[in-house]
Amino acid sequence: MIPHRLFRFSGGSLPYDCVLTLRAAGPMKGRTDEENRARVFSGLGIESSRVVSLTQIHSRTVYVAQTPEDFSDWKEGDGILAGNPDIVPCVTVADCMPIWLCHERAPCFGVLHSGWKGTGIIREALAAARRVWGAEPAGFHVILGPHIRSCCYTVDDDRARYFSENFSPDAVCLDEARNQAGSVWPWRLSLAEANRHLCWEAGIPDGHIVDTGLCTACGSEFGSNHAKDPVHLPTWRPLSGTLCIERPRQFRYTL
Ligand SMILES: [Zn+2]
């Protein structure tokens, strides 16, 4: 079994598994090593022909996948929604946030790659779900996955202002010690807070939001670009594959 973390949506009864692999899954810029990807997926008991991936570009572009074949050309974008349980939507992340989401009534599930540039992609995903399935935001459940958190993520004035003005003032906090030391990155940025705000704004109930609370940069298991001593394959940027799987397909874990 490939090392991985498993997350579940709130409520307990939603039939989806959210997986973060802890082994290098390949870079986020599209196809480079199909064999390695196939090994990672088969190590989790998933046929790689079911997996739908993108060439990720830190955008807010979200696709609705009908069949895995539609995505054999590795389209550019950062989010995938599916209604077909044969599909396993997958994104690749290092320190950006994976966001898993599913609807409690509409047959709609997926995963997003949301770093600082892509923050707001969840809005696009919710709009697509409403358009395609008539799924209202209040029925969505969301998991904010491991990412570089405010304990480790410091930014400059411009980026702090961008988040404060476009998302929420609560997304940034001035670190007084860094400020007094004259750092050009004196602000601490919380991508989780920005996305929590987007969820609230859209009408997703607070009880439907799970924040994993995990920071990729605080430990080495997640393959952070910021980790001092990456433990992963040295020639790979240590990235993780993030999948959302509908469970009735007999996907089983031996954790
Ligand atoms: Zn941290």
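Trp100 stands opposite Ile143 in β9. Its strand, β7 (residues 97-103), pairs with β9 (residues 140-144) in the antiparallel sense over 5 bridges. Strands are DSSP runs of E with at least two residues, helices are runs of H or I with at least four, and both are numbered from the N terminus. Two strands pair if DSSP finds at least two bridges between them. This is a predicted model: local features need pLDDT of at least 70, side-chain atom pairs count only at pLDDT 80 or more, and totals for chains, interfaces and linings use all residues. Residues are numbered from 1 along each chain as its sequence is written.

Now the sheet around β7 and β9. Six strands form an open sheet with mixed pairing, in the order β4-β5-β8-β7-β9-β13. β4 (62-65) and β13 (209-211) each have a single partner strand, so one side of each lacks a neighbour in the sheet. On average, neighbouring strands here are turned by 15 degrees against each other, direction ignored. Axes are lines fitted to C-alpha atoms, for helices over the stretch in contact; angles run from 0 to 180 degrees between N-to-C directions.

Another open sheet has 3 strands, in the order β10-β12-β11, with antiparallel pairing. Its edges are β10 (154-155) and β11 (172-174). β11 pairs with β12 (residues 187-189) over 3 bridges. There, Cys173 stands opposite Arg188 in β12. Helix α3 (residues 157-166) packs on this sheet and touches β10, β11 and β12. The direction of α3 makes about 50 degrees with that of β12.

Overall, the chain has 5 helices and 14 strands.

How values were computed:
Contact = placed C-beta atoms within 7 Å.
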